[in-house]
Amino acid sequence: MTQLLLFNVFNGLIIGAFYALMALGLSLILNLSGVINFAHGGFLAIGGYLAYTLIPYLGFWGALVVAPVLTAAIGILVERVLIRRLYGRDPLYSLLLTFGLAFMIEDGTRFIWGAQSLPYRIPTWLAAPLSRSFFFLTGYRVFMVALVAAAVLGLFLILNRTRLGLRIRAGTLDLETVSSLGVNVRVLRSLNFGLGIYLAGLAGVLAAGMLGLQPTVGDNLIMPSFIAIIVGGLGSLPGTLAGGLLIGVASGVTSVFFPSASEAVIYVMMAAVLIVRPRGLFGEEGRF
Amino acid sequence: MSLLRVEKIARHFGSLVAVKDVSMTVEPGELRAVIGPNGAGKTTFFNLISGFLQPTSGRVIFDGADITGLLPARRVWRGIARTFQITEVFPELSVRENLRIPVEVASGFRLRPWLSRAADAEIRAYVAELLEKGGLAAKADRMVGELSHGDQRATEIMMALALKPRLLLLDEPTAGMGDQETYAITQLIRALHKDSKLTIVLIEHDMRVVFHLADRITVLDQGSFLAEGTPQEIAANEQVQTAYLGKAA
Amino acid sequence: MPQIDKRVGDAVVWLLLVTAPLWLTYVGGYIELGSRVLIYALAAMALNFLLGFTGVLSFGHAAYFGLGAYGTALTIKYLYPSTPLAMLVGVVAATVAAAIIGPMIVRLRGVYFAMCTIAFGQVFYFIAFQWSSVTGGDDGVSAWHRMPLGFGLATIDILKDNKAFYYFALALFAVCAAAMAFLLRSPFGRTLLAIRENERRARFLGIPVDRHIWASWVISCFFVAVAGALYALLNNFVDPRALRWDQSGNFVIMAVLGGMRSFWGPLIGAAIFIVLQDYLSSETQNWMSFIGLFFVLVVLFFPRGVLGIVRRKAAS
């Protein structure tokens with residue numbers, strides 16, 4: 001029983017880490033620019049597919065490094081050409097825009113890479129289980145959690161130790177003041193967007209290794225990211241991180257006792273949070 | 001019995017004290033002006049009275065009842081209406097529609113899916129009356145968002161009046177207006193006051209307006225109560241003059 | 001003048017709708033397409049009750065559309081083969097769901113509200129997918145069909161006769177449209193406009209904003225459920241795609257495309273969108289990309305919608 005529980009909790013942590021990675025990117029963009037990037041799942045898919053395409057040239061590790069950066073570049077391009085025009089307007093429009101982008105990306109990836117599932121090869125030594133009793137602890141899974149942890153740490157460092165990070169944090173609180181202090185808000189928004197997309201791309205590469213590649217790979221991850229933000233709290237990155245891990249673990253634990261309800265439980269959590277504490281566990285008041 | 005009694009009201013924002021132990025009593029039918037240099041906490045004070053903010057301590061008593069905990073919408077139902085420093089109207093609706101809505105709400109019709117012909121006629125008549133009083137009859141069917149600042153303010157004041165309040169709170173009604181518009185608004189307020197013997201409390205910076213309209217004046221400075229009295233008393237008050245650092249009356 | 005224009009406009013719309021089966025084939029259409037336009041128009045207008053007239057950003061309406069559809073389909077298949085009963089069940093189910101979910105989200109605003117509507121929309125998609133014993137999962141609910149309407153002596157065969165179904169849908173559309181118009185022109189409707197225009201001012205006029213938003217939300221979901229029920233009847237089939245997030249997006253784009261601030265805007269938007277979608281899906285496999293591109297273009301270059309442009313031209 002404990003084996004099963006441990007397995008599922010660990011699994012839940014991995015999934016939670018994914019949710020958190022996605023949600024953090026979403027959250028970054030939402031907090032600074034007020035844009036719900038519905039195309040986030042699409043960028044995740046792009047990250048995975050780009051990595052797939054790059055592996056023959058750069059190998060597994062090269063692809064892992066380069067693909068998210070490329071994805072972020074695409075993201076910044078999209079932001080500059082399309083999303084930028086909608087900042088002053090009703091959030092309705094940017095949401096519709098990202099909806100449209102999501103359509104285009106999903107169909108586009110299908111067009112370029114085909115609708116079939118593509119296999120994503122990971123180095124064999126990584127795929128091997130690390131321990132005989134804990135068979136589920138494959139190297140790859142540990143590696144993923146480690147990488148996500150590293151990414152989160154990196155994000156934390158960027159936000160708290162660099163000038164860019166300071167500006168992003170200040171801009172999240174009061175963009176007007178930041179602008180009047182001489183910061184180029186347009187560039188800030190672009191970079192922030194790029195950072196968020198980088199995280200999506202990274203999640204995509206990692207997901208490819210675990211789930212394989214299909215055009216709809218981002219679909220399943222975007223909704224839990226939304227819920228991670230709702231549960232963890234709007235406007236709070238630590239909250240989003242906590243939210244993601246929480247729903248992942250909850251999902252994992254539930255799958256032990258009520259396997260069919262494991263996905264439903266995150267929706268129940270969302271409803272509970274909205275009823276009891278609408279701003280989320282760590283959310284700031286007045287954010288909505 | 002006084003209509004509005006504010007007892008030692010205070011509001012803290014963390015360590016910042018915006019309003020500290022201010023008390024004020026307003027009699028029915030009075031026109032009270034609240035003045036003070038910038039940062040005196042006048043708007044915060046208003047927000048406390050109208051329910052926009054909750055006080056950290058102190059009470060607000062309206063017509064004998066303690067309304068300190070009531071939300072803004074509830075205070076409206078009790079008879080308190082207010083205008084805002086930045087005019088809050090319905091920009092893409094016509095003046096007539098802007099006025100019709102508070103009239104319907106005040107008549108208890110807000111949830112009605114349907115109006116009888118008689119009720120509709122009554123409402124139209126009252127709206128026409130308000131338009132006339134506010135000097136807006138000629139512009140009744142234009143979009144409020146397109147009107148001049150003065151007309152927008154007049155619309156907002158008439159909207160507040162449409163609620164048939166017993167206390168009208170006006171937050172800097174002449175803010176950002178030129179001489180002509182200021183004069184027009186001042187005349188409007190005066191006419192309304194005389195006409196309906198409404199109790200009015202207003203925040204103002206323009207001393208001409210204050211001295212023209214007010215029965216009594218309350219002066220705030222840096223969140224605290226400074227002085228209170230008739231316009232003549234306040235004009236002669238040295239403390240007030242010092243606080244304003246030479247702002248001429 | 002605007003009053004006369006309005007009446008003329010209304011008359012033209014109804015004329016076109018009533019005579020559609022006559023002229024549709026001449027412009028390269030077919031009656032089923034007309035029915036589909038009606039259904040989506042109703043859905044988009046229902047959404048616009050909330051979006052364009054109350055100013056509330058709901059992106060999860062497909063859930064209630066789908067609930068109406070599934071309720072209808074499941075009733076005919078498993079409970080009792082009666083079209084009116086089935087529709088009643090579907091609409092009631094959706095409205096009850098909306099009434100319950102409403103209070104959870106009605107305190108929220110802006111993008112946060114939108115996020116939550118999307119998330120709640122997804123809940124029902126998920127249920128439709130997972131609960132395959134009842135809903136048939138990904139395969140949907142098939143092997144049933146709409147029942148002819150029996151009125152004692154006469155029977156209207158809406159099953160075999162496409163024209164009859166069109167007029168059946170039109171009748172329901174008319175009733176719903178009239179009801180919505182009626183509500184919007186009432187004192188209650190004006191409080192919704194007030195909330196859209198300036199929520200703070202509405203609050204300070206004594207309007208209980210959250211409660212009114214909840215009412216508008218329930219009304220909107222009610223009408224979208226009627227559209228959903230008709231959708232199921234039209235196709236004699238329903239699957240989770242009716243509930244997906246893209247369906248919600250479609251409703252919004254129709255409202256925006258036609259003009260959110262006008263009553264008939266969503267109808268025009270629906271007509272354009274459905275025809276476009278119909279054309280594209282028969283021409284290319286990648287019609288989804290084009291639809292996505294369409295979204296992007298509308299948002300960037302056409303945000304006020306068709307009727308918004310017309311109105312501006314008329315004003316100048």
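What pattern does chain A follow when it is read along the sequence? Chain A runs α-α-α-α-α-α-α-α-α-α-α, with 11 helices and zero strands. Keep in mind from the start that this is a predicted model.

## Two chains side by side

Chain B has nine helices and 10 strands, whereas chain A has zero strands. The table sets out some values for these two chains.

| Chain | Helices and strands | C-alpha box along the principal axes | Buried residues |
| Chain B | nine helices, 10 strands | roughly 60 × 40 × 35 Å | 44% of 249 residues |

How does the radius of gyration of chain A fit with a compact globule? A compact globule of 288 residues would have a radius of gyration near 19 Å, and chain A has 19 Å, so the two agree. The reasoning for chain B goes in a similar way. Because a compact globule of 249 residues would come out near 18 Å and chain B has 18 Å, chain B agrees as well.

Take the contacts in chain A with a separation of 6 or more: 73% of them are between residues 24 or more positions apart. For chain B, look at the contacts between residues at least 6 apart in sequence; there, 67% join residues at least 24 apart.

## Where the chains meet

Two pairs of chains are in contact, and chains A and C share the most contacts. Chains A and B are joined by no contact; their closest C-alpha atoms are 13 Å apart.

Let us begin with chains A and C. Chain C brings 35 residues to this contact and chain A brings 34 residues. On the side of chain C that touches chain A, at least two residues each come from helix 4 (83-105), helix 5, helix 11 (245-258) and helix 13 (287-301) of chain C. Which helix of chain C supplies the largest share of that side? The answer is helix 5 of chain C, with 12 residues. Sorted by class, the side of chain C that touches chain A has 25 nonpolar, seven polar and three charged residues.

Now turn to chains B and C. This contact takes 24 residues from chain B and 19 residues from chain C. Helix 2 (72-78) and helix 3 (95-106) of chain B each give at least two residues to the side of chain B that touches chain C. Helix 3 of chain B gives the most, with five residues. The side of chain B that touches chain C holds 17 nonpolar and seven charged residues, but no polar ones.

The axes of helix 3 (residues 62-79) and helix 5 (residues 110-130) of chain C come within 8 Å and cross at roughly 30 degrees.

Note on methods
Residues are numbered from 1 along each chain as its sequence is written. Chains are lettered from A and ligands numbered from 1 in the order in which they are written. This is a predicted model: local features need pLDDT of at least 70, side-chain atom pairs count only at pLDDT 80 or more; totals for chains, interfaces and linings use all residues. Helices (H or I, at least four residues) and strands (E, at least two) are DSSP runs, numbered from the N terminus. The radius of gyration is taken over C-alpha atoms; the globule rule is 2.2 Å times the number of residues to the power 0.38. A residue is buried if 20 or more other C-beta atoms lie within 10 Å of its own, exposed if 12 or fewer, and partly exposed in between; C-beta atoms are placed from the backbone. Two residues are in contact if their C-beta atoms, placed from the backbone, lie within 7 Å. Ala, Val, Leu, Ile, Met, Phe, Trp, Tyr, Cys and Pro count as nonpolar, Asp, Glu, Lys and Arg as charged, and the others, Gly among them, as polar. Axes are lines fitted to C-alpha atoms, for helices over the stretch in contact, and angles run from 0 to 180 degrees between N-to-C directions.
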